[in-house]
Amino acid sequence: MINFDFRNPTQIVFGKDTEMRAGELASEYGKNVLLHYGGGSIKRTGLYDKVTSSLKAAGLTIFELSGVKPNPRVSLVREGIRICKEEKIDLILAVGGGSVIDSAKAIGAGAVYDGDVWDFFTGAATPEGAVPIATILTIPAAGSESSDGSVVTNEEGWLKRAFGTPYVYPVFSILNPELAFTLPTYQVACGTADILAHMIERYFTNVTNVELTDRLLEAGMQNIIIHGPRVLEDPQDYDAWAEVMWTGTIAHNNLLNTGRIGDWGSHDIEHELSGKFDIAHGAGLAIIIPAWMKFVYSHDVQRFAQFAVRVFGVPMNFKDPEQTALEGIYRLEEHFKRMGLAIRLSEVEITEDSFEEMAEKGSAHDTRTMGNFVTLDKKAILAIFKLAE
Ligand code: NZQ
Ligand code: ZN
């Protein structure tokens with residue numbers, strides 16, 4: 001286990017009807033709230049009315065910015081920054097999923113910065129503060145409700161990039177599993193794939209003697225593999241959604257990263273896919289992760305065999321551990337298929353002619369590598385796209 005420094009400051013308020021506490025919780029941060037949300041699901045589900053009445057009952061002044069698209073755009077972030085500066089916003093309340101929350105985080109950090117917010121995503125500047133952000137989560141997926149990261153797409157060049165800073169940890173996140181009941185089947189599949197991916201990225205590490213986090217990750221991965229299909233079958237199953245929602249938060253709040261170094265190559269490759277083709281992040285991961293696994297498993301066959309045995313219950317083949325390792329990858333593909341996800345690029349009509357451009361962008365013209373478990377250069381990224389074909 002390597003040295004670590006762990007702190008996650010986000011207050012989690014979990015359970016039925018907790019969205020009704022939005023006003024009470026928000027009023028601790030000031031009077032002016034920017035309510036930030038997406039394309040309209042919160043109005044269709046009635047959540048908008050509940051949240052605004054809770055905020056009003058607490059005497060708060062509401063400003064609004066809607067229209068966040070999945071794979072949130074920097075242009076709307078800039079609009080949010082303008083509102084924050086002009087209206088002296090005290091708290092940004094993101095009601096939605098990873099896209100809305102990430103947009104809110106970028107607005108929060110950008111609102112106390114004089115330059116252009118995209119500087120944070122290119123590394124040209126580092127955030128030195130942020131307007132506080134809070135969330136009401138409506139889709140368990142990205143884990144952004146208690147992470148320090150934000151992923152935003154710049155329409156100029158369709159670059160999807162991330163930045164991280166402790167300033168954008170949400171101050172509180174309201175998690176009511178009932179809010180997920182209205183999710184379309186496809187978003188359920190994509191969300192659970194992302195949750196699983198966050199644990200897979202952390203699981204494949206070169207750091208040894210990390211038994212506690214190995215075991216916690218295995219439990220978390222199994223929990224998603226069990227409860228993902230349950231919420232697909234019965235979208236009103238509160239208990240199953242509670243498992244999925246809480247696992248989604250734990251999967252990405254960095255507790256499971258303590259003492260180890262995660263990989264993140266698949267995420268970086270996926271961001272090239274969703275940056276260029278605007279597909280759902282979880283959908284891209286279900287395609288990239290199995291291909292990445294096939295490319296890297298020989299680096300540590302024992303760890304892949306352990307994944308197969310402990311997560312999927314594959315019997316260990318002591319004479320041929322490689323066979324066990326490959327069976328684990330196959331079972332993961334079967335899980336994604338069962339959730340209704342594509343596991344090949346051809347299924348989503350992405351063809352070889354885009355591989356070179358994505359590998360070129362992702363590797364910054366072969367000057368940047370991805371991944372920690374195995375370092376991926378441009379050639380390796382191309383090979384993974386080929387395996388995903
Ligand atoms: O826009 P609306 O109308 O609200 O519809 C949304 C959206 O179309 C819909 N939706 C959400 N909750 C709903 C609902 N529909 C009905 N009922 C509900 N309760 O779902 C669609 C997808 O929403 P989105 O926020 O895009 O999903 P997700 O949470 O998967 O977020 C994906 C984004 O998060 C980033 C991804 O790259 C992607 O841009 N990530 C952020 C991370 C972070 N900040 O820590 C880490 C992740 O690895 C990831 O990269
Ligand atoms: Zn993710």
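S146 touches N8, T10, I12, Y169, P170, T249, H252 and N253 in this predicted model, where touching or contact means heavy atoms within 4.5 Å and residues up to four places away in sequence are not counted. The place of S146 is in the loop between β5 (133–137) and β6; helices (H or I, at least four residues) and strands (E, at least two) are DSSP runs, numbered from the N terminus. With a relative accessibility of 1%, S146 counts as buried. Buried means under 20% relative accessible area, exposed over 50%, and partly exposed in between, with a 1.4 Å probe and protein chains only.

Residues are numbered from 1 along each chain as its sequence is written, while chains are lettered from A and ligands numbered from 1 in the order in which they are written. The model is predicted, with local features needing pLDDT of at least 70, side-chain atom pairs counting only at pLDDT 80 or more, and totals for chains, interfaces and linings using all residues, and side-chain values use heavy atoms, with hydrogens and water left out.

Ligand 1 is surrounded by 31 residues, of which the closest are G39, G98, S99, D102 and H198; a residue belongs to these surroundings if one of its heavy atoms lies within 4 Å of the ligand. The residues of this shell divide into 9 nonpolar, 19 polar and 3 charged. In this division, Ala, Val, Leu, Ile, Met, Phe, Trp, Tyr, Cys and Pro count as nonpolar, Asp, Glu, Lys and Arg as charged, and the others, Gly among them, as polar. An oxygen atom of ligand 1 is 2.7 Å from a polar backbone atom of G98. Side chains also take part: an oxygen atom of ligand 1 lies 2.7 Å from an N or O atom in the side chain of H198, and a nitrogen atom of ligand 1 lies 2.8 Å from an N or O atom in the side chain of T182. Of the 960 Å² of accessible area that ligand 1 has on its own, the protein covers 89%; accessible areas come from the Shrake-Rupley method with a 1.4 Å probe, and for residues only the protein chains shown count as cover. The elements giving two or more residues to the shell around ligand 1 are α5 (98–110), β6 (149–154), α7 (185–203) and α10 (265–277).

Helix α10 also holds H271, which counts as buried at 12% relative accessibility. Leaving aside neighbours within four places in sequence, H271 is in contact with V151, K160 and H281. I279 is found in the loop between α10 and α11 (281–296) and is buried, with a relative accessible area of 16%. The C-alpha atoms of I279 and N176, 103 residues apart along the chain, are separated by 26 Å.

The largest nonpolar core has 70 residues, and those with the most contacts inside it are M293 and F304. A nonpolar core is a set of buried Ala, Val, Leu, Ile, Met, Phe, Trp, Tyr and Cys residues joined through side-chain atoms within 4.5 Å. Not counting residues up to four places away in sequence, M293 touches I200, F204, F304, F307, I329 and L332. A second, separate core of 33 residues includes L76, A94, I133 and V152. I384, in helix α15 (residues 378–388), counts as buried at 0% relative accessibility. Apart from neighbours within four places in sequence, I384 is in contact with I269, I288, A291, W292, F295 and L376.

Several loop residues are not buried. S27, in the loop between α1 (22–26) and β2 (32–37), is partly exposed, with a relative accessible area of 36%. The side chain of S27 reaches the backbone oxygen of E24 at 2.8 Å. Leaving aside neighbours within four places in sequence, S27 is in contact with A58 and L60.

Most residues other than glycine have a negative phi. K88, which is not a glycine, has a positive phi of about 50 degrees. K88 is found in the loop between α4 (74–87) and β4 (91–96) and counts as exposed at 62% relative accessibility. Phi of W158 is likewise positive, near 50 degrees. W158 is found in the loop between β6 and β7 (159–164) and is partly exposed, with a relative accessible area of 38%.

Conventions: Polar contact = N/O pair within 3.5 Å; in protein donor to acceptor, adjacent residues only side chain to side chain.
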